[in-house]
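Dear colleague,

Please find below the structure that I am handing over to you. I would be grateful if you could read the notes after it with the model open.

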Amino acid sequence: MFDIIKNYEKVSQELVEKFSKLEESASINECMQVNGAMNHDIRPVWPGSRMCGTALTVCARAGDNLMLHKAISMAKPGDVIVITCDGFQESGGMWGGIMSNAAQTMGAAGMVTDGSVRDTMMMKEINFPVFSRGIGVKRSTKALGGTINHPIVVGGVLVHPGDLVFADNDSVVVVPREQAEEIYELAVAREQHEDNTLVKAKLDGTVTFQTFEKEFRALNLSEEC
């Protein structure tokens, strides 16, 4: 198998566009049998970030960003560059503002890494969504190899090239390509149900506890009158 793979199947652009109109990441993850949400410490570099696209996966060595530059050169419109560097957080120079500009120019929808980044204000200025475990300014090297478009694990989640990646202010969620159509339909139904519940709560004062009163009663807890 090649270290760098260029041909692979992706979630269709039509389905990506449908997912992008969903309200939030939680709606998607709650509909998955296996958790697809990355660990809580992978956060947007500025509040309010949001992106949806298909994974272009990169496995790089800690503190070396040579493979990241190669990945940018391969990026296609709608790709989300998803990077593992073994969780190494001391080198924000792994990804910065110039790389964000270059990736955006190639059409990339955003970037996710279990490492660190820098030049966050530039990322915000050009509106390029970046999600990372850390922020720092220490330099990186450009001397080591890695792989592109192989399965990787980022934030505790297995990511295959071509999987759907949805990220917002709350989380980064990965949906396996083969499950994307089904998960989308479930997420739409869930959001509609929640919208209806919200309307009902505003109309008649329904509170969340009433929804789960049966489960509460089953615990046989004593309660003061």
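The notes below go from the overall fold to the cores, the annotated positions and the salt bridges.

**Overall fold**

Please bear in mind throughout that this is a predicted model. The protein chain has 8 helices and 12 strands, and its C-alpha trace spans about 70 × 35 × 35 Å along the principal axes. Of the 225 residues in the chain, 46% are buried. Among contacts with a separation of 6 or more, 77% are between residues 24 or more positions apart. The chain exposes about 12,200 Å², and carbon and sulfur atoms supply 54% of that area.

The largest nonpolar core has 25 residues, and Val58, Leu68, Ile81, Trp95, Met111 and Val130 touch the most other members. Strand S2, helix H3, strand S3 and helix H4 are the elements that give two or more residues to this core. With 5 residues, H3 gives the most. Leu68 touches Val58, Ala60, Ile83, Met94, Trp95 and Met99, leaving out residues up to four places away in sequence. There is also a second, separate core of 18 residues, which includes Ile28, Cys31, Cys52 and Phe166.

Which residues of helix H3 (residues 66-74) are buried? They are Met67, Leu68, Ala71, Ile72 and Met74. These residues lie on the same side of H3, because they cover an arc of only 160 degrees around the axis. The spacing follows from helix geometry: an α-helix has 3.6 residues a turn, so residues three or four places apart point the same way. The cover over the buried residues of H3 includes strand S2 (51-59), strand S3 (79-84), helix H4 (97-105) and strand S8 (147-148).

**Annotated positions**

An unreviewed UniProt entry applies the annotation "binding site" to Gly96, Gly97, Ile98, Met99 and Arg118. These positions span 23 residues in sequence, yet no two of their C-alpha atoms are more than 10.3 Å apart, so they gather at one spot. The unreviewed entry also lists Asp119 under "binding site".

Three of these positions can be described individually.

- Met99 is found in helix H4 and counts as buried because its relative accessibility is 7%, under the 20% limit. Beyond its neighbours within four places in sequence, Met99 is in contact with Asn65, Leu68, His69, Ile72 and Met94. Two of these contacts, Leu68 and Ile72, are among the buried residues of H3.
- Arg118 is found in the loop between strand S5 and helix H5 and is partly exposed, at 28% relative accessibility. Apart from residues up to four places away in sequence, Arg118 touches Gly92, Gly93, Trp95, Gly96, Gly97, Met123, Gly136, Val137, Lys138 and Arg139. Gly96 and Gly97, which Arg118 touches, carry the "binding site" annotation as well.
- Asp119 is found in the loop between strand S5 (116-117) and helix H5 (120-126). Its relative accessible area of 38% makes Asp119 partly exposed. With neighbours within four places in sequence set aside, Asp119 is in contact with Gly96 and Gly97.

**Salt bridges**

How many salt bridges does a search of the whole structure find? The search finds 8.

One of them joins the side chains of Arg177 and Glu9, at 3.4 Å from N to O. This pair links distant parts of the chain, 168 residues apart: Arg177 is in the loop between strand S12 (172-175) and helix H6 (180-204), whereas Glu9 is in the segment before helix H1 (13-20). Arg177 is partly exposed, at 25% relative accessibility, while Glu9 is exposed, at 55%.

The side chain of Arg177 also meets that of Glu178 in a salt bridge, again with an N to O distance of 3.4 Å. Glu178 counts as exposed, at 61% relative accessibility. Through shared partners, salt bridges join Glu9, Arg177 and Glu178 into one network.

A further salt bridge is formed by the side chains of Glu90 and Lys138, at 2.8 Å from N to O. Glu90 lies in the loop between S3 and H4 and Lys138 in the loop between strand S7 (134-135) and S8, so this pair ties together parts that are 48 residues apart in sequence. Glu90 is partly exposed, with a relative accessible area of 45%. Lys138 is also one of the residues touched by Arg118.

With kind regards

How values were computed
Residues are numbered from 1 along each chain as its sequence is written. This is a predicted model: local features need pLDDT of at least 70, side-chain atom pairs count only at pLDDT 80 or more; totals for chains, interfaces and linings use all residues. Side-chain values use heavy atoms; hydrogens and water are left out. Buried means under 20% relative accessible area, exposed over 50%, partly exposed in between (1.4 Å probe, protein chains only). Helices (H or I, at least four residues) and strands (E, at least two) are DSSP runs, numbered from the N terminus. The arc is that of the directions from the helix axis to the C-beta atoms. Contact means heavy atoms within 4.5 Å. UniProt positions are given in the numbering used here, feature names are shortened, and annotations may be inferred rather than shown by experiment. A salt bridge is a side-chain nitrogen of Lys or Arg within 4 Å of a carboxyl oxygen of Asp or Glu. Accessible areas come from the Shrake-Rupley method with a 1.4 Å probe; for residues, only the protein chains shown count as cover. A nonpolar core is a set of buried Ala, Val, Leu, Ile, Met, Phe, Trp, Tyr and Cys residues joined through side-chain atoms within 4.5 Å.
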